[in-house]
Amino acid sequence: MVQVNLWAGLRRFADGKDTVEIKAQNVGEILNALENKYPELKEIIEAGVSVSVDGKIIASGLTEPVYEDSEVFLLQQLKGG
Amino acid sequence: MALDDQRKSGFKFVGTRPNRPDGMDKVTGRAKFGADMYAPGMLHGAILRSPHAHAKINKLDVSRAEKLKGVKAIVTRADFSKKINFTSGKDLETWNVLENIMAGEKVLYDGHAVAAVAATSALVARDAIKLIEVQYEILPHVTDVDAAMAKGAPIVREGVADKSVPEGLNSNVARYHESGHGDVEVGFKEADLIVEDSFKTEATHQGYIEPHACLATLGNDGKGELWCTTQGHFYFQKICAALLDLETSQLRVTASEIGGGFGGKTTVFVEPVALALSRKSNRPVKLVMSRSEVFRATGPTSSTSMDIKIGMKKDGTITAGQGTFRLQGGAFPGAPGDLTAMCAFAPYSLKNVHQIGYDVLTNRPKQAAYRAPGSPMAAFAVESVIDELCKKLNLDPIEVRLKNASRKGTKASFGPKFDEIGLVETLEAAKEHPHYSAPLKVGQGRGISCGFWFNFGGETAVSLALSEDGTAQISVGTPDIGGSRSSMALMAAEELGIPYDHIRCTIADTATLGYNEISHGSRVTYASGLATIKAAKDAINKLSKRAADKWGIPKEAVKWEDGCAVPSGPNAGNFQPLSLKDLTKNMGKTGGPIVGHFEATPEGAGVSFATHIVDAEVDPDTGKTKILRYTVIQDAGKAIHPSYVEGQYQGGAAQGIGWALNEEYIYGSDGRLQNAGFLDYRIPLASDLPMIDTVIVEVPNPGHPYGVRGVGETSICPPLAAIANAVSAAAGIRLRELPMSPPRIVAALNGK
Amino acid sequence: MSNIHVNTIVNGDEVGFLCDPRETLLDCLRDKLSLTGAKEGCGTGDCGSCSVKLDGRLVCSCLVLGAEAEGKKIETIEGMSRDEKLHPLQEKFIEHAALQCGICTPGILVATKALLEKNPNPSETEVRYWLAGNLCRCTGYDKIIRAVLDTAADLREAK
């Protein structure tokens, strides 16, 4: 299981938790699993999120692998100028 | 995790300062920008824009305009796709773009496009739009972010807020962000001093000197060509196809040279309109924005209203940081309240931090990115408060920042732990820099500030074709907004081992390469650079195979050295090196043309930090600020072409100076933009600025083969605060509202 | 309104064009003579990217009517280099990386050429104030000023 950290504003859609346990092997599976486990997160994830895996910020890719001990954070979608 | 083959030293080409390849074209006036293209039979487009900040369109009658001699087509919202619905998720942005480029039932800001005309000359088109009759029913409007959030505020649009917005806020609040860790209340209790303050910044414009311009050709067969000035022609292809019901691949977009972007040309404004006019008139249509249209109807930054509270111990340790950031992004969701909140405390290692960001609707144009969207404003507020704390506790501002600085392994204010970062290195370089210890006269003040930006990767596709004469052609899909063609050629030269001058880098059109993400997020040298290196390695792989075949040895026994294939060791065989040219000269016969390529979405762009030092002097009678000295110290990871890295540092600093001292959007009580021109929207002149000194710090980014970090955006993050701190020191009063224009400074001094 | 036939000399060549009385010299240079080096950045004389010389005087071509060019001598960026050789200012701009996007570069080159013809030994301040009518958004002007001062020094030495 991978520990996935949610930003504070998402707690109320995840039963008040800011860290949830997800079974996944890559970023795409994490997002799918989150949407299935907490349907209220679906709209926000579909609008676009970035993910940080062990400090590496994944702007949009779904294939980045994650491991049991990976530190994973959901982040608001990064946009630049 | 660092790439296995990261290079940190021994560069032959990378790090040098050769002439850029497009230099000749640009100094002779030959380079073709958006408005420099002409086509036989071309028509000229003009757009009718709303003079009201908020109104219902009750009637739109184009009949008189249609009759004017020379008018060949008129389009309104009805001429765009009807398949785009107001939904949520990723498609919502498409709807918002459509609504922005051509009004539907309502006009939402002064300058909102209502209809467009194509005619045989620009003057006829201009005359024609005056003949279009619109009946408006004026509605109450709101342009200030706090006023828009207040109870009873005029509502800009219903139903825009998403699930993130908590109960109890009015419908103008579109998005809500909250993040942080620890317990700030506990942290504040531990502090010896708490400073709590509020700050405001007004909207600014990227101020690129080249207005948006395009030449569009679209037939009824669904096939089209678009020439335009853009930071992302692949994105433009995608969005124009969606807005006009075209198959994406049937629209070919070519990026012109771009006369400045800074984030403002990352989205469409007139391009879909030109395409619609072309389809309707069956002729090419050229559409060029006027300067006042650029100000009124493209994408300025958000304006902000921010509250910051920071607690510090006597020894300089920050015990807690809290920030609330309210941003308005015009009549559409997208103001970077989230990014502002996430960047605000990023330079600091905090046990207790909490940030809230709001994205609020107002009757203003749809905001667009401007360098690091949201980060400069956050830095202005947070770094001003840290400056106050240092002053009150009599602590050195650099020492305090070093004490609390984020380092590798620090838990960032936005959540994850930082990987290799260079903040401390920039602070130490600032401390050692002669600027920091130079004496100041009475009436002069010094300010420093840190700044942070994420940078990113994004879809990238690069192709590297070898010519028979041993030279190379790189095709990239990222418009060159800062000198990147030169950097691509340097990186390819480094890999291939052939001279820089033997490599030509071209920005290919959308038909030539796979999808390329927009040139933004400081991603080009990082992502297109990484792809160029990989494409070169791919080409080398293929060249090595040709050499191996020629020598009759396995490919694994060949290595590439100084531009030649050589046997990898004495056991491989005794063969003379084969240069790249030797191998390409008859490549058609030895297996075919040799092309290296690479497609991926590289993730691993390193974040970057900067520290700026500014000296300023304030004239107490006029309130005018003179910037006496400016030093930019920023981590570039690895500077591929140092002159263009310095250029980014200086350019970002100059824009920050303008933003801090003079630039602002001024709206009248009627909701109309009052200063839509360069006379009254005052950007820095040569006579306003001193030389801008730069120090390039290099802490390699583990995610790039040479350690590159993006540099284009971070340079605009520290200036607002550094200048506010310098001005506050020089004038003897804290200024909390940007710009710190002469009238504001005089008022503040008089109120003292 | 009927068109006006204008005869003028541009970069030493005699040329003619037809223009609407409302069209600016900038419009005519670009759309009728295909000299697109001068750019329209603002149309109101604030940015200087349309700078040309009109009978030896530095002007914003967006503030001159096409019809006013009748019988006059115009010098644009296209006339700055002789045959294959670039003007020293053009070379120094490339060498110093004094341009990024390049949109303001033609205007700035025309303006600084005019400066050095008038004052071969300008101070940094004099260069900055001379260029106060030419906006650049990319560079912060630093490398531009250095390129101009360097060129001025070279030209003085060459004499």
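Is C:Asn11 buried, exposed or partly exposed? Select C:Asn11: this residue is partly exposed, because 17 other C-beta atoms lie within 10 Å. (Buried means 20 or more other C-beta atoms within 10 Å of a residue's own, exposed means 12 or fewer, and partly exposed is in between; C-beta atoms are placed from the backbone.)

The model is predicted: local features need pLDDT of at least 70, side-chain atom pairs count only at pLDDT 80 or more, and totals for chains, interfaces and linings use all residues. Residues are numbered from 1 along each chain as its sequence is written, and chains are lettered from A and ligands numbered from 1 in the order in which they are written.

**Chain C: two loops**

Stay on C:Asn11. It sits in the loop between β1 (4–10) and β2 (13–19) of chain C. Most residues other than glycine have a negative phi, and most peptide bonds are trans.

Now select C:Tyr141, in the loop between α4 (124–130) and α5 (142–158) of chain C. Phi is positive here too, near 70°. C:Tyr141 counts as buried, because it has 30 C-beta neighbours inside 10 Å.

**Chain C: two domains**

Colour residues 4–79 as domain 1 of chain C and 88–158 as domain 2. These bounds come from an automatic or database domain assignment. The domain centres, taken over C-alpha atoms, are 22 Å apart. Across the boundary, 13 residues of domain 1 of chain C are in contact with 11 of domain 2 of chain C. (Contact means C-beta atoms, placed from the backbone, within 7 Å.) On the domain 1 side, strand β3 (residues 51–54) of chain C gives the largest share, 3 residues.

**Chain B meets chain C**

Show both chains. 42 residues of chain B are in contact with 44 residues of chain C. On the chain B side, α1 (23–28) and α19 (642–661) are the elements that give two or more residues. The largest share, 7 residues, comes from α19(B).

**Chain B: the open sheet**

Select the 7 strands of the open sheet, in the order β3-β5-β1-β12-β9-β10-β11 (chain B), with mixed pairing. (Strands pair if DSSP finds at least two bridges between them.) The edges are β3 (71–75) and β11 (251–255) of chain B, each pairing on one side only. Zoom in on β1 (residues 43–49) and β12 (residues 285–288) of chain B: they pair in the parallel sense over 2 bridges. There, B:His44 stands opposite B:Lys286.

α8(B) is largely enclosed by the rest of the structure, because 10 of its 11 residues are buried. Among them are B:Glu271 and B:Arg279. Just past the helix, B:Asn282 takes a positive phi of about 60°.

**Chain B: last stops**

Jump to helix α11 (residues 375–393) of chain B, with 19 residues. It is mostly covered: 15 of its 19 residues are buried. B:Asn394 follows α11(B), with a positive phi near 60°.

Finish at B:Pro739, in the loop between β27 (737–738) and α21 (742–750) of chain B. The peptide bond from B:Leu738 to B:Pro739 is cis, with omega near 0°.

Notes
Two residues are in contact if their C-beta atoms, placed from the backbone, lie within 7 Å. Helices (H or I, at least four residues) and strands (E, at least two) are DSSP runs, numbered from the N terminus. The expected span of a helix is 1.5 Å times one less than its number of residues.
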